[in-house]
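Thanks for coming, everyone. Please bring up the structure on your screens. I'll walk you through it briefly.

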Amino acid sequence: MKKIEAVIKPFKLDEVREALSEVGIAGLTVTEVKGFGRQKGHTELYRGAEYVVDFLPKIKVEVVVGDELAEQAVEAIVKAARTGKIGDGKIFVMPVEQVVRIRTGETDEAAI
């Protein structure tokens, strides 16, 4: 099993969710996060004063999938989240040792 974490632009969330659904992924977790990468934030003008926005709003999407679906999920996220501009985000893929569904006690693949 793999855990896929994708940090994407907020306006791309619906497209990513739909792309994952088409691949057969039913559940995901979404978190509003802030951060920056190479773009190092940006400056904005507010009431005539310029200030630096260090942390940009992003969305973190997390899914756990079987090994056979991992590559398809990553490809779906890349295709749906890409704008071609700086700040499109990153995808992290990590191994998952164990999953337990709390309600039923099911484990591993059955618990996904």
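Let me start with how the elements are named: helices (H or I, at least four residues) and strands (E, at least two) are DSSP runs, numbered from the N terminus. Next, the ground rules. This is a predicted model, where local features need pLDDT of at least 70 and side-chain atom pairs count only at pLDDT 80 or more, while totals for chains, interfaces and linings use all residues. Residues are numbered from 1 along each chain as its sequence is written, and side-chain values use heavy atoms, with hydrogens and water left out.

Take Val 53. It lies in strand E4, residues 49-53. Is Val 53 buried or exposed? Val 53 is buried, because its relative accessible area is 18%. The cut-offs are these: buried is under 20% relative accessible area, exposed is over 50%, and partly exposed is in between, with a 1.4 Å probe and protein chains only. Now look across to Phe 36. Val 53 and Phe 36 are 17 residues apart in sequence, and their C-alpha atoms are 9.7 Å apart in space.

On to the strands. Two strands count as paired if DSSP finds at least two bridges between them. Start with E1, residues 2-8. E1 pairs with strand E5, residues 56-65, in the antiparallel sense over seven bridges. Find Ala 6, and opposite you will see Val 61 in E5. Move along to Val 7, whose bridge partner in E5 is Lys 60.

E1 has another partner. That is strand E6, residues 89-95, again antiparallel and over seven bridges. Which residue of E6 is the bridge partner of Ile 8? It is Gly 89.

Now E5 again. Strand E2, residues 29-35, pairs with E5 in the antiparallel sense over seven bridges. Here Gly 35 stands opposite Leu 56. How many of the ten residues of E5 are buried? Seven are, so E5 is mostly covered.

Next topic: salt bridges. A salt bridge here is a side-chain nitrogen of Lys or Arg within 4 Å of a carboxyl oxygen of Asp or Glu. By that rule there are six salt bridges. I'll show you some.

Glu 5 bridges to Lys 3, with the closest N and O atoms 3.2 Å apart. Glu 5 is buried, at 14% relative accessible area. Lys 3 is partly exposed, at 25%. There is a network as well: salt bridges link Lys 3, Glu 5 and Glu 62.

Then comes Lys 9 with Asp 88. Their side chains meet in a salt bridge at 3.8 Å, N to O. Lys 9 sits in the loop between E1 and helix H1 (13-23), and Asp 88 in the loop between H2 and E6, so the pair ties together parts that are 79 residues apart in sequence. Lys 9 counts as buried, because its relative accessibility is 15%. Asp 88 is buried too, with a relative accessible area of 17%.

One more pair. The side chains of Glu 15 and Lys 12 form a salt bridge, 3.2 Å from N to O. Glu 15 is partly exposed at 38% relative accessibility. Lys 12 counts as buried at 9%.

Now turn to the surface. Which residues gather in the patch of negative charge? They are Asp 67, Glu 68, Asp 108 and Glu 109. Patches are made of residues with over 30% relative accessible area and no salt bridge; like charges are joined within 9 Å, and nonpolar side chains (Val, Leu, Ile, Met, Phe, Trp, Tyr) within 5 Å. Accessible areas come from the Shrake-Rupley method with a 1.4 Å probe. Asp and Glu count as negative, while His and the chain ends are not counted. The place of a charge is CG for Asp and CD for Glu.

Glu 68 is found in helix H2, residues 67-81. Glu 68 is exposed, because its relative accessible area is 59%. The C-alpha atoms of Glu 68 and Glu 18 are separated by 19 Å, and these residues are 50 apart along the chain.

The other is Asp 108, in the segment after E6. Asp 108 is partly exposed, with 31% relative accessible area. Asp 108 has a positive phi of about 55°, although it is not a glycine. Most residues other than glycine have a negative phi.
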